[in-house]
Amino acid sequence: MNHPTSPKILLFLLIFCFSFSAIAQKSSKFKIIAFFTGKNDMAHVSFVKEANQWFPAMAKKHDFEYDTTSNWTNMNANFLAKYQVVLFLDTRPEDSSQREAFENYMKNGGAWMGFHFSAFALNQSAFPQNWNWYHDEFLGSGQYSGNTWRPTSAMLRVDAKHEATKNLPKTFKSQPNEWYKWENNLRTNPNINILLSVDSTSFPLGTGPKAHEIWHQGDYPVAWTNKNYKMIYVNMGHNDMDYEHKYGKDVKTLSNTFDNEHQNQLIIDGLLWLGKQKNAKQKK
């Protein structure tokens, strides 16, 4: 004999289902911590300021949490454990204990996105290549070996076989940027998956005045992942500035990294992939 379900039981079931759904939705939100220095190079300072306005707006839209710190002593196990994704907006940790904490974080399933100068290393500079795991294994790039100048836009070719690039066209025009080249050939590294590279239609790329800062040919990856880690590096993050003029203490920003629909799509899709995917090492 069938018994009709009472209104009270139906109400309880509805409340339970709604509460469970809300808890599940809340638990799916991930937290990002962005480390930055924000000093010295005015183009990097401009990018950091822009990023720390743009990311909070995207956090509200895409349901993640965004925190920032310029205190690199926070690069420790207890602090990092609160976050699913780490960003390096401009620089890298220099202290050995901070480097060890970041390496352990990444090897234990943490996720990372780095911009522009965060990959820079050059011996006989203020940022020497003295962190082999980060530059050779993790990034795969080795030392910086050159750049274009002045900051200019480039046509970028897309490998759409990745969650971070699946919503991009085959090619798109970037925002102005200082483009880097690297010591190592990333194409020959089996762990590196190149997402974006400079398209041949970009050449000549750069305006000089130094001849070696104008590229006329070659293969230049500008965004990639490492198959052994949850990471994405993107070379963007150097705004064009009015270097010839100063207005008091300030230098005018002439371009903004986040004024580009396709670049923004890459970054957001990349963050959502980093925040929600499970590390391959954890699946084993």
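**A walk around helix 6**

Visitor: What makes helix 6 largely enclosed by the rest of the structure?

Guide: Twelve of its 16 residues are buried, so the rest of the structure largely encloses it. Buried means under 20% relative accessible area, exposed over 50%, and partly exposed in between (1.4 Å probe, protein chains only). Among the buried ones are I267, I268 and W273. Helices (H or I, at least four residues) and strands (E, at least two) are DSSP runs, numbered from the N terminus.

Just so you know, this is a predicted model: local features need pLDDT of at least 70, side-chain atom pairs count only at pLDDT 80 or more, and totals for chains, interfaces and linings use all residues. Residues are numbered from 1 along each chain as its sequence is written, and side-chain values use heavy atoms, with hydrogens and water left out.

Visitor: How do you know that the span of helix 6 agrees with its 16 residues?

Guide: The expected span is 1.5 Å times one less than the number of residues. For residues 261–276 that gives 22 Å, and the end C-alpha atoms are 22 Å apart, so the two agree.

Visitor: Why is S197 called buried?

Guide: Its relative accessibility is 9%, so S197 counts as buried. You'll find S197 in strand 9 (residues 192–198).

Visitor: Why do D240 and R150 count as a salt bridge?

Guide: A salt bridge needs a side-chain nitrogen of Lys or Arg within 4 Å of a carboxyl oxygen of Asp or Glu.

Visitor: What about K166 and E163: buried, exposed or partly exposed?

Guide: K166 has a relative accessible area of 47%, so partly exposed is the label. E163 comes out at 40%, so E163 counts as partly exposed as well. These two also form a salt bridge, with the closest N and O atoms 2.8 Å apart.

Visitor: How confident is the predictor in the protein chain?

Guide: pLDDT is the predictor's confidence in each residue, from 0 to 100. The chain averages 91, and 87% of the residues score at least 70. Over residues 16–27, though, the pLDDT is below 50.

Methods
Contact means heavy atoms within 4.5 Å.
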